[in-house]
Amino acid sequence: MQINKQQWQWIFYDWANSGYGILVVTAVLPVYFKAVAQQAGVSAADSTAYWGYANSFGTLVVSLLAPLLGALADYPNAKRRWLNTFTWPAIILTLGLALVPASQWQWLLFMYVLTIIGYSGGNLFYDSFLTDVAPNGRMDLVSSTGYGMGYLGGVIAFIVFLAAQLTHGFNGLLSAYGIAKFSFVIAAVWWVIFGWPLLAHGQQHYSVAAVSHPLRDSFHRLNQTFRHIRHYRQITWFLVAYFFYIDGVDTIFTMATAIGKDMGVETTMLMMVLLVVQLIAFPFSLFYGWLARVTSNRTAILVGIIVYVIICLDALRLTTLTDFWILAILVGTSQGGLQALSRSYFGQLIPKNSSSEFFGFYNILGKFSAILGPVIVGLVTQWTGKSTIGAASLSVLFIIGLVVFLLLPRLGSDADD
């Protein structure tokens, strides 16, 4: 199935911000933060908890704003404007991470929270663009290709960083901390180069009617939407299921490197594990798109949730590097596919003219769930002193999401092409 120019613009934004996702959120900043925090006398368990709390706070801010922002973005030509409004500050602040002195771990965490707000807020409008670039019958393909290309883009950005890591800062040109700061520069530049097509040329095809007072009208529409959603039983129950299972997905993504460090995995080996996970996630994201096409979107999502239940329960036996490798590979097989198909499943359910508004609710539930997960991991880790038990505790969230999603009917196969 051919992908057109506008769909490629949308797909490459996923490629663009994947550098931030892998280098800042997952691979480098968590390790760098734990190193500078430990140097300042913060214990390993506490630094892991603080990292979780920072992720929770950043997503809380976006969660509270998401419905209103979504409603504002549904007016003609508004999505691209709001996407730019959140993305550019995030890019600039990502560069700012490289300027924070290594001794100021509190400021490092504060700057990270600001980048998370910009990154997460931008993704709200990016997600809602899916309904503009793809009809129902192609959403699974485009969404899963976006995630797949995002992982591939992340791998390439990560390899650039890894070259600096393995050559000891290009033969001494960069210090150990300088290598980490170099990765933040890579993430920001990557974002600008590959995100530019959508940021500059993204076309919004669906919108509500223009009004003279969009803010006031948005509050009015939000009030209607709260009542409107209750009339869509399938949308409501999907959002409930999504709230729980995406919590576990996001938490594992943001806490993985911190847990690996607590297990004693060396930084270089941890980087290699993450690289392999990204490589695996690329073809498996495309595989989930194929699986949805030959079975159904619903079946493919159920497979992904079940894999994550296995991952969480298996975390209880994590003791060796081999165990960590096996678990990481399992994450790579399902992380992108589950997120991609959840996005396209929701995109096929909602009214197209109000897609940003509905994706606001999609994002608020996703972000609020991302507050709960890191807090659970942080608290259980501090209570038990073992981050592996904290990771295993996430199985409860996946099981709840699985049970609710099983109650959903199969999405109709007669979607518009």
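Mentor: Contact here means heavy atoms within 4.5 Å. This is a predicted model, in which local features need pLDDT of at least 70 and side-chain atom pairs count only at pLDDT 80 or more, while totals for chains, interfaces and linings use all residues. Residues are numbered from 1 along each chain as its sequence is written, and side-chain values use heavy atoms, with hydrogens and water left out.

Let's start with Ala300, which sits in helix α13 (residues 297-314); helices are DSSP runs of H or I with at least four residues, numbered from the N terminus. Leaving aside residues up to four places away in sequence, Ala300 touches Tyr288, Leu291, Ala292 and Leu341. Its relative accessibility is 0%, so Ala300 counts as buried (under 20% relative accessible area, with a 1.4 Å probe and protein chains only). Gly337 is 37 residues from Ala300 along the chain, yet their C-alpha atoms are separated by 8.3 Å.

Now for the helix pair: helix α12 (residues 267-294) packs with helix α7 (residues 136-166) at an angle of about 165°, their axes 8 Å apart. Axes are lines fitted to C-alpha atoms over the stretch in contact, and angles run from 0 to 180 degrees between N-to-C directions. The two helices, α7 and α12, are therefore roughly antiparallel, a term for angles over 145 degrees.

Finally, Asn17 belongs to helix α1 (residues 5-27). Asn17 is buried too, with a relative accessible area of 3%, and touches Tyr119, Asn123 and Trp191, not counting residues up to four places away in sequence.

Conventions: Buried < 20%, exposed > 50% of the residue type's maximum accessible area, 1.4 Å probe, protein only. Parallel < 35°, antiparallel > 145°, perpendicular 65-115°, else oblique.
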